[in-house]
Amino acid sequence: MINSSNQTAREAILKSIRAHLGVGDSFEPRINLRGLPVVNAVVHAQTSENGAAAQSLSKVDVFKKQLEAVNGHCFIAHTELQIVHALTQIITELKGTELNPKRVAVSDASGLERLVRLVAVEVEEVTVTPSPADLFGFDIGITTAQAAIAETGTLVLDSSRERHRLISLVPPVHIAIVDAANIYSTLAETLSVLHRTGNVSPIVTFVTGPSRTADIELTLTIGVHGPQELYVIVNEGQPLVVS
Amino acid sequence: MNHLTAETFDENAKAALTDTHLRGALRNATSLFGERRREAAASLNNWEDLRTQARAIKDETLSHLDKYLEQFVSKAEARGVHFHWAENAAAANEIICGLTAKYAASTVVKSKSMTTEETHLNDALESAGVQVVETDLGEYIIQLAHETPSHIIAPAIHKTKGQIAELFTSELGSAPTDDVAELTRTARETLRDRFAAADIGISGVNFGIAETGTILIVENEGNIRLTTSLPRVHIAVMGIEKVIPRFADVDVFLKLLPRSGTGQRLTAYQSFITGIKSNREDEGPDEVHVVLLDNGRSRMLAQPITRQSLACIRCGACLNACPVYQQIGGHAYGSVYPGPIGAVITPQLIGLEKAAKLPYASSLCGACREVCPVKIDIPALLLHLRAEITEGASKQRIGERLAFSVWAWIMTRPRLYVLSARLSRWLQWLFVRDGKISDKPTTKIFSPLAAWTSGRDLRPLDDSSFRDRWKKELSHR
Amino acid sequence: MGIGIAFDGDNMSQDNKQSNRQSAIGNRQCLKVSLFVTCLVDQLWTNVGASAVEVLRRVGCEVEFDDRQTCCGQPAFNTGYRKEARRVAEQFITVFEESDADAIVSPSGSCTAMVHHFPELFADDEAWHRRAKQIAARTYELSSFLVRVLNVEDVGASWQGRLTWHDACHGLRDLNLKSEPRSLICRVRGAEFVELEHADACCGFGGTFSVKYPEISLAILDQKIEAIEKAGVDAVVSGDASCLMQIGGRLSRNGSKVRVMHLAELLASKG
């Protein structure tokens with residue numbers, strides 16, 4: 001029932017569009033966007049937010065600065081040991097707060113569980129990819145990120161490559177490890193990488209800092225439906241993630 | 001209940017002006033928003049280029065909308081998305097109610113979508129016995145209050161935290177507090193189970209990317225991510241004008257939208273959804289449906305001047321910049337879309353007759369045009385609509401039409417103009433006291449004069465006109 | 001046709017490119033100006049017209065006034081009565097076409113902007129459209145003419161006191177007048193200039209809006225008044241008599257000591 005009346009509706013709408021544009025039903029699609037610059041103009045259009053300063057700062061430095069500007073925390077690790085130390089430090093710090101984490105969820109990223117189990121802090125539970133229903137009872141979600149964007153301090157999560165769509169969202173704390181080699185300078189560059197095969201992954205999420213709202217009297221509140229704390233560990237050592 | 005209409009705009013506005021709480025809230029919010037937008041725009045050294053680029057992309061898309069729409073649909077369909085075309089609001093609601101029935105859904109979670117406000121979807125779902133839960137904090141607040149949004153991006157901006165606290169106490173039984181963090185936490189806790197239990201998640205769409213069939217939705221709270229990943233069915237409602245051509249075009253719009261809307265470099269989350277998940281066991285909905293809504297948009301394509309209305313990316317910057325909106329807020333417009341953009345699209349969506357007052361509720365200052373990220377020339381559109389209204393209007397404006405006819409007749413005859421001025425110079429002594437025209441009873445004779453003098457004095461006509469002075473003393477020097 | 005300022009008729013004065021071309025004229029030549037005084041100034045604020053004449057003469061221009069002029073048609077155009085506006089525009093064009101002046105100058109940003117809108121009124125008539133464009137190309141607002149065309153900022157004015165400037169909307173947003181009035185004001189001897197908070201916020205006049213929606217108009221106006229009182233000035237200056245009527249009317253009703261002054265009046269002062 002929906003199908004046939006929808007075919008009618010589809011045709012009616014397209015017909016209305018064409019009629020109001022004053023074009024006939026059949027003409028060649030101008031999908032090549034003649035005269036409209038693409039990536040060149042886009043590249044020209046960005047940058048210079050950090051201006052000259054960007055030249056002297058590395059991508060990691062820029063990423064850290066931008067992440068911290070949106071209430072994220074950034075650690076830089078040069079070895080696996082340092083990653084584990086960072087995780088230990090984060091969880092220890094959190095234990096002293098009202099968040100007091102007891103249950104840690106870990107994504108199925110290769111090698112991640114091993115690292116987490118090396119953390120020298122007592123928690124009640126470490127589970128890899130708990131069910132969505134159970135996730136609501138976890139305090140920390142640890143994942144990797146497939147990439148990051150320096151100019152905005154953004155993490156790029158491709159959930160077709162790692163089961164982190166919900167682990168990065170439901171628990172109040174999200175810890176993400178990203179390889180420095182996968183940090184791109186700009187949003188434009190990142191989009192181009194995401195699109196390089198012509199097909200985009202089913203779900204790609206950009207994460208910039210913890211969740212927030214200003215819906216009540218424009219007062220900023222951190223931590224709404226998504227996590228209230230975001231920690232990113234930038235791994236400058238051996239890459240963890242297969243890019 | 002505050003379901004005011006555009007037809008009663010005059011009364012709505014007067015009432016809004018007497019609401020001191022509202023005016024205080026509006027003043028704070030719009031000036032903060034304005035400041036943040038200004039700073040965010042200034043942080044880029046090519047803001048104007050970005051606006052030009054964005055407008056060019058929109059113009060290109062809109063002038064070939066059928067082709068880009070078809071491309072978008074075909075790419076997304078190839079990735080497993082189901083499309084439904086809705087010619088009008090009723091059709092959209094019918095489709096969505098049909099889907100809730102098909103999936104035997106009893107509860108639906110929703111993220112903020114102005115398009116669903118436009119179709120009054122919540123009412124339709126509730127009539128069909130489906131429980132709808134708004135999850136965006138601002139929308140949740142107004143849902144509890146049985147109100148409509150008063151701003152495109154900050155729906156509850158008209159409420160003080162005291163009012164919100166009272167609302168939470170009475171509707172949710174929470175302890176009285178006006179600590180914003182606590183209020184937010186209450187909303188979060190209350191809504192957590194709703195996400196988990198919902199059968200369907202309904203969202204809007206910020207951009208539909210034709211090249212890849214991708215839906216892009218932006219947010220700060222995380223409720224859109226939850227709405228579109230937990231329930232087994234995701235329904236996205238999208239106006240047909242939301243298409244953009246290429247994946248790469250996202251960069252320009254993501255530079256403009258968050259800055260223009262909230263002064264942020266980027267909102268916390270962007271979800272790029274392309275089709276359904278690759279494997280059954282993956283997280284995310286089993287089904288993704290997109291409802292494409294026309295509801296009068298295709299009509300706007302007819303002329304370039306109205307076509308630009310469809311370039312709007314719903315940032316809300318024009319609302320914050322508008323001196324009228326700043327004083328009366330969104331509800332007074334009596335329409336789903338308030339403020340400058342509302343004043344121009346509402347008459348086009350619901351008809352000139354019903355919304356005839358809206359294009360006149362503007363001083364034509366142009367602040368909206370200045371802040372619009374896609375350079376919509378709203379003042380030009382307002383003037384265009386005013387011309388359409390006077391041309392179409394039959395009896396209502398007969399007095400005004402006559403007045404302007406007489407005025408034009410006089411103004412095209414210099415001697416008559418001089419004579420009328422002389423006449424006014426004599427007549428004004430009826431009204432002038434102490435060298436000015438104040439609000440004495442005599443001014444009530446002439447209603448525009450009464451309207452002026454209700455709050456302002458008026459300088460009288462000078463004893464002799466400039467042209468008299470020119471003749472007497474100024475010409476020979 | 002006089003000196004004939006080289007001008008690309010397609011550019012409205014929104015485009016600053018013209019000002020470079022025009023500055024080339026310099027300020028040494030005696031230009032002939034035809035004054036477009038505006039109906040509001042003609043009847044309600046003649047001093048503004050007289051001041052404009054004084055200032056233009058002081059900087060070396062020859063000023064003529066064609067008394068067949070009436071109005072630019074803005075009230076009708078803004079209310080949606082384009083046919084009526086068109087008739088009045090035709091009158092304007094017919095009158096000013098006959099002038100051999102180098103420029104038509106007006107002490108009003110909104111009226112000048114309206115003249116620049118004239119071509120739109122004649123979209124369906126090629127001949128009138130061309131004539132409208134030619135007139136529009138020669139029409140300037142006073143401060144724009146002084147600074148951009150004549151390259152003059154010091155007109156020999158002096159005025160003692162503290163003052164501030166209100167950016168009239170059409171002048172600011174249609175004609176891009178922002179630095180020009182300020183540079184003229186800063187050269188007035190004895191005047192202490194204070195930048196008004198939200199100088200670019202609308203005063204709430206908006207033509208018939210001020211009487212169709214008086215309550216909203218007043219609400220907007222009161223925010224402007226608040227900023228003016230906060231600035232602690234003796235006078236508020238603007239380039240549009242309509243804004244000054246609106247602002248002055250409320251100041252008067254409030255019994256305020258702050259006076260309103262048109263830019264032309266300030267520039268003509270020798271006090």
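Let's start in helix α19 of chain B, residues 398-411, where B:Phe404 and B:Trp407 sit three residues apart, about one turn of the helix. Helices here are DSSP runs of H or I with at least four residues, strands are runs of E with at least two, and both are numbered from the N terminus. Before going on, a word on the model: this is a predicted one, where local features need pLDDT of at least 70, side-chain atom pairs count only at pLDDT 80 or more, and totals for chains, interfaces and linings use all residues. Residues are numbered from 1 along each chain as its sequence is written, chains are lettered from A and ligands numbered from 1 in the order in which they are written, and side-chain values use heavy atoms, with hydrogens and water left out.

Back to our two rings. Rings of Phe, Tyr and Trp (its six-membered ring) pair if their centres lie within 6.5 Å; planes under 30 degrees apart are stacked, over 60 edge-to-face, and the rest tilted. That rule gives 22 aromatic pairs over all chains. For B:Phe404 and B:Trp407, the centres are 5.9 Å apart and the planes stand at 75°, so this pair is edge-to-face. Both B:Phe404 and B:Trp407 are buried, meaning under 20% relative accessible area, with exposed being over 50% and partly exposed in between (1.4 Å probe, protein chains only).

Chain C has an edge-to-face pair too: C:Phe36 and C:Phe96, 6.1 Å centre to centre with 70° between the planes. This one links distant parts of the chain, since C:Phe36 is in the loop between β1 and α2 while C:Phe96 is in helix α5, 60 residues apart. Both are buried. Ring pairs also join residues of two chains into a cluster: B:Phe9, B:Tyr325, B:Tyr333, C:Phe209 and C:Tyr213.

That brings us to the interfaces. Which two chains share the most contacts? Of the two pairs in contact, it is chains A and B, where contact means heavy atoms within 4.5 Å. Chain A and chain C do not touch, and their nearest C-alpha atoms are 20 Å apart.

Between A and B, 79 residues of chain A meet 102 residues of chain B. The buried area is about 7800 Å², with carbon and sulfur atoms giving 60%; buried area is the accessible area (1.4 Å probe) that two parts lose on being put together, summed over both. On the chain A side, A:Ile216, A:Leu218 and A:His225 lose the most area to chain B, together 11% of what that side buries. There are three salt bridges here, each a side-chain nitrogen of Lys or Arg within 4 Å of a carboxyl oxygen of Asp or Glu. B:Glu70 and A:Arg18 form a salt bridge, with the closest N and O atoms 3.2 Å apart.

Now for chain C against chain B. How many residues does each chain bring? The contact takes 64 from chain C and 66 from chain B. About 5900 Å² is buried, 57% of it from carbon and sulfur atoms, and in chain C the residues losing the most area to chain B are C:Gln43, C:Tyr81 and C:Arg253. Seven salt bridges are counted between these two chains. B:Arg401 forms a salt bridge with C:Glu84, their closest N and O atoms lying 3.8 Å apart. Helix α12 of chain C, residues 214-231, supplies the largest share of the side of chain C that touches chain B, with 10 residues.
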